[in-house]
Amino acid sequence: MKPVTSSIATAVIVLATCALPGAAEYRTVKGEVVAPSCTVDEAGGSATESPAALTMRCARRGVQMAIQASDGLYLVEGDYAANHNAKLLDFVAKKVEAKGSVTERDGKKIINVAAMMVQKVEK
């Protein structure tokens, strides 16, 4: 009897956790990859450099990157942010479509990106 009871208890805990506000939700987020907290001084660049070049400098330095979407800013965490944003570098300062688990922590939206692609430009 105990294995059945513990299995039921485990299932209830898992279901309750999934229903909690802030639990991960798999979503698609569309927007531009940005470095929201990066400054010219932090990037080590100059004020005459393009915003895209400065954003790339920040990304290479491992600064926290984000996706600026129409409904807010999503901080990028996980595999795409690892190793100084190594997997994210091809997408810096571009419009993207990112798929991944979205959560909220301390009032901030977080996306753990599973896949990302550059958005096609509509004419």
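**View 1. A hairpin made by β2 and β3.** Strands β2 and β3 form a hairpin, with two residues between them. This is a predicted model in which local features need pLDDT of at least 70 and side-chain atom pairs count only at pLDDT 80 or more, while totals for chains, interfaces and linings use all residues. Residues are numbered from 1 along each chain as its sequence is written, and side-chain values use heavy atoms, with hydrogens and water left out. Strand β2 covers residues 66–69 and strand β3 covers residues 72–77; the two pair in the antiparallel sense over four bridges. Look for Ile67, whose bridge partner in β3 is Tyr74, and for Ala66, whose partner in β3 is Leu75. Helices (H or I, at least four residues) and strands (E, at least two) are DSSP runs, numbered from the N terminus, and two strands pair if DSSP finds at least two bridges between them.

**View 2. The strands around the barrel.** Five strands make a closed barrel in the order β1-β2-β3-β5-β4, with mixed pairing. Neighbouring strands of this sheet are turned by 55 degrees against each other on average, direction ignored; the axes behind this angle are lines fitted to C-alpha atoms, for helices over the stretch in contact, and angles run from 0 to 180 degrees between N-to-C directions. Strands of a sheet pair through backbone hydrogen bonds, either parallel or antiparallel. Here β1 and β2 run antiparallel and are joined by four bridges, with Glu32 bridged to Gln68 in β2. Strand β3 runs parallel to β5 (residues 108–118), again over four bridges, and Leu75 has Ile110 in β5 as its bridge partner. Strand β4 (residues 95–105) pairs with β5 in the antiparallel sense over 10 bridges, and Val102 stands opposite Ile111 in β5.

**View 3. The largest nonpolar core.** This core has 22 residues, and those with the most contacts inside it are Val33, Ile67, Ile111 and Met116. Two or more of its residues come from each of β1 (25–34), α3 (51–60), β2, β3, β4 and β5. A nonpolar core is a set of buried Ala, Val, Leu, Ile, Met, Phe, Trp, Tyr and Cys residues joined through side-chain atoms within 4.5 Å. Buried means under 20% relative accessible area, exposed over 50%, and partly exposed in between (1.4 Å probe, protein chains only). In α3, the buried residues are Leu54, Thr55, Met56, Cys58 and Ala59. Just after this helix, Gly62 takes a positive phi of about 90 degrees.

**View 4. Glu97 and its neighbours.** Leaving out residues up to four places away in sequence, Glu97 touches Thr28, Val29, Lys30, Ala115, Met116, Met117 and Gln119; contact means heavy atoms within 4.5 Å.

View 5. One aromatic pair is counted by the ring rule. Its rings belong to Tyr80 and Phe91, and the pair is tilted because the centres lie 6.5 Å apart with the planes at 50 degrees. Rings of Phe, Tyr and Trp (its six-membered ring) pair if their centres lie within 6.5 Å; planes under 30 degrees apart count as stacked, over 60 as edge-to-face and the rest as tilted. Tyr80 sits in the loop between β3 and α4 (82–85) and Phe91 in the loop between α4 and β4, so the pair ties together parts that are 11 residues apart in sequence. Tyr80 is buried at 11% relative accessibility, and Phe91 is buried at 13%. The charged end of Lys87 sits over the ring of Tyr80, 5.7 Å from its centre (NZ of Lys or CZ of Arg must be within 6 Å of the ring centre and within 35 degrees of the ring normal).

View 6. With a relative accessible area of 47%, His84 is partly exposed. Asp106, in the loop between β4 and β5, also has a positive phi, near 55 degrees, in a residue other than glycine. Asp106 is exposed, with a relative accessible area of 75%.
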